[in-house]
Amino acid sequence: MNYNLLGYGIFIAIIVFIIVVVGKICYRNGNIFVAELIPGHLDLCQQINKSLLVSYYLVNIGYCAMTLVGWDRINSPLQLIEVMALKVATIVCILSVLHFLNIYLLTSTIHKLIK
Amino acid sequence: METTKILIGYAVYLPVALFLTLYVSKTLFKNSKIYMLDIFKGREEIANATNKLFETGFYLLNIGFALLIMKISIYTDSYQNLIEALGSKIGGFSIYLGIMLFLNLYFFFRGKRKAKESQTPAIDIEPAYKS
């Protein structure tokens, strides 16, 4: 049994799940911010938001797939859990930093727009 | 034999950390809506959207940190060591959560103060203009 292969499978599954869930939440709640950018063209703003969502998926899932290179050799189920937790945690922390940066930019822009 | 004890530790630590994160963010973001409404001058849809986005970020940050510090290493294989290690892990995590909670509260108060500052000149000028 090769634990590395099992680890890659579980890692990609977890990460894709997290990224898709977070992307859906951001898409649903981000519509309103994007709609303020070009007032009066709601469908145009939704198209912009959709392409933003797709590029978000591409960048994040691509980065996660790139980090598959360079895992240590995994010899036991215990080590598998530990390595998995560390890898997922790194990705989730990067995601949260990007997310907070986004919120900061959005709120500072929206304050100017609705003044 | 040592393996099983560490696995027991993980099985205790992960649910506790997840439950703590869930509970804290539920409490925080149920009460933060009022601040958001104040910050965004009563625009309810923007306030709701920002609140939801903040909640997602809070979950991501805290669950990420919980997983980051998960690794338990005990040298001698005994329940005493396991419980001590678990205690320091869960204690450290809840102190971190508390700091995060206060940081978030600080941000809410700062946003409220800033919203008030940008509003006061308009209120002050208006009566003078009318009279």
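Helices here are DSSP runs of H or I with at least four residues, numbered from the N terminus. With that in hand, welcome to a few close-ups of a predicted model.

Figure 1. In an unreviewed UniProt entry, the annotation "transmembrane region" covers residues 6-24, 58-75 and 90-109 of chain B. Residues 6-24 of chain B are 100% helix and 0% strand, with end C-alpha atoms 27 Å apart. Residues 90-109 of chain B are likewise 100% helix and 0% strand, and here the end C-alpha atoms are 29 Å apart.

Figure 2. For chain A, the unreviewed UniProt entry places "transmembrane region" at residues 6-27, 48-71 and 83-106. The span 6-27 of chain A is 100% helix and 0% strand, and its end C-alpha atoms lie 32 Å apart. For residues 83-106 of chain A, the make-up is again 100% helix and 0% strand, with 35 Å between the end C-alpha atoms.

Figure 3. Take a look at Ile19(A), which sits in helix α1 of chain A, residues 3-35. Ile19(A) counts as buried because 20 other C-beta atoms lie within 10 Å, and the cut-off for buried is 20 or more. Setting aside neighbours within four places in sequence, Ile19(A) is in contact with Tyr57(A), Asn60(A) and Ile61(A).

**Figure 4. The largest nonpolar core.** This core has 33 residues, and those touching the most other members are Val88(A), Val92(A), Leu60(B) and Ala66(B). Two or more core residues come from each of α1 and α3 (77-113) of chain A, and from each of α2 (33-39), α3 (44-68) and α4 (79-130) of chain B. The biggest contribution is that of α3(B), with 13 residues.

Figure 5. Leu78(A) belongs to helix α3 of chain A. Is Leu78(A) buried or partly exposed? Leu78(A) is partly exposed, because 16 other C-beta atoms lie within 10 Å, and partly exposed residues fall between the cut-offs of 12 or fewer for exposed and 20 or more for buried. Leaving out neighbours within four places in sequence, the contacts of Leu78(A) are Thr3(B), Ile6(B) and Leu7(B).

How values were computed: Residues numbered from 1 in each chain as written. Chains lettered and ligands numbered in written order. Predicted model: local features only at pLDDT ≥ 70, side-chain atom pairs only at ≥ 80, totals over all residues. UniProt positions renumbered as here; feature names shortened; annotations may be inferred. Contact = placed C-beta atoms within 7 Å. Core = buried A, V, L, I, M, F, W, Y, C linked by C-beta atoms within 7 Å.
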